[in-house]
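I opened this notebook to record what I looked up about charged side chains and their surroundings. The structure is shown first, and my entries follow.

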Amino acid sequence: MFGNVSSASIAARFAALAERYGSSSAAERAELGQRKLMGAIAAREPATLGEIARAVGRGAPAVSRAVDTLVRAGLVERMHDPDNRRRLALRLSARGQDTLRARPAAHGQFTGGLERLAQSELRAVERAIEILERLPG
């Protein structure tokens, strides 16, 4: 297993695992996108639309539409910015906070598999992820 290993074979195995455990349905991708947006809002409360757009790397019009959806769903609230009454600030509602704390449905299968690993195996996976995160993008 650890003999002559090529980076191409590792990349192919990693791609297969990513496809196997990645979010494959449109609903799962939408949920993960909403969670990313909600996490950015939670980390910057009270957050402006521009701050959130920069944080998630998307344009303000797209983020504005996504925030509108979250507001209609009762997950995000708009309020006057305490520092500038002409601007609106965003914050998570109580329901949004609960949703963000809950386990994402898209990660259920993968998380379940990780829960069956021994601590030493989890540490090895964590170390591998740390190494992969350092690779140039």
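**Entries on salt bridges**

I looked up Asp98 and found that Asp98 is partly exposed, with a relative accessible area of 46%. I noted the cut-offs: buried is under 20% relative accessible area, exposed is over 50%, and partly exposed lies in between (1.4 Å probe, protein chains only). The model is predicted, so I recorded that local features need pLDDT of at least 70 and side-chain atom pairs count only at pLDDT 80 or more, while totals for chains, interfaces and linings use all residues. Residues are numbered from 1 along each chain as its sequence is written, and side-chain values use heavy atoms, with hydrogens and water left out.

I next asked which residue Asp98 meets in a salt bridge. The partner is Arg101, at 2.5 Å from N to O. A salt bridge is a side-chain nitrogen of Lys or Arg within 4 Å of a carboxyl oxygen of Asp or Glu. Asp98 and Arg101 are three residues apart in helix H5 (residues 94-101), so about one helical turn separates them. Helices (H or I, at least four residues) and strands (E, at least two) are DSSP runs, numbered from the N terminus. Arg101 is exposed, at 61%.

I counted four salt bridges in the structure. Another of them joins Asp68 to Arg78, with the closest N and O atoms 2.2 Å apart. This pair links distant parts of the chain, Asp68 being in helix H4 (residues 60-72) and Arg78 in strand E1 (residues 76-81), 10 residues apart. Asp68 is partly exposed at 26%, and Arg78 is partly exposed at 37%.
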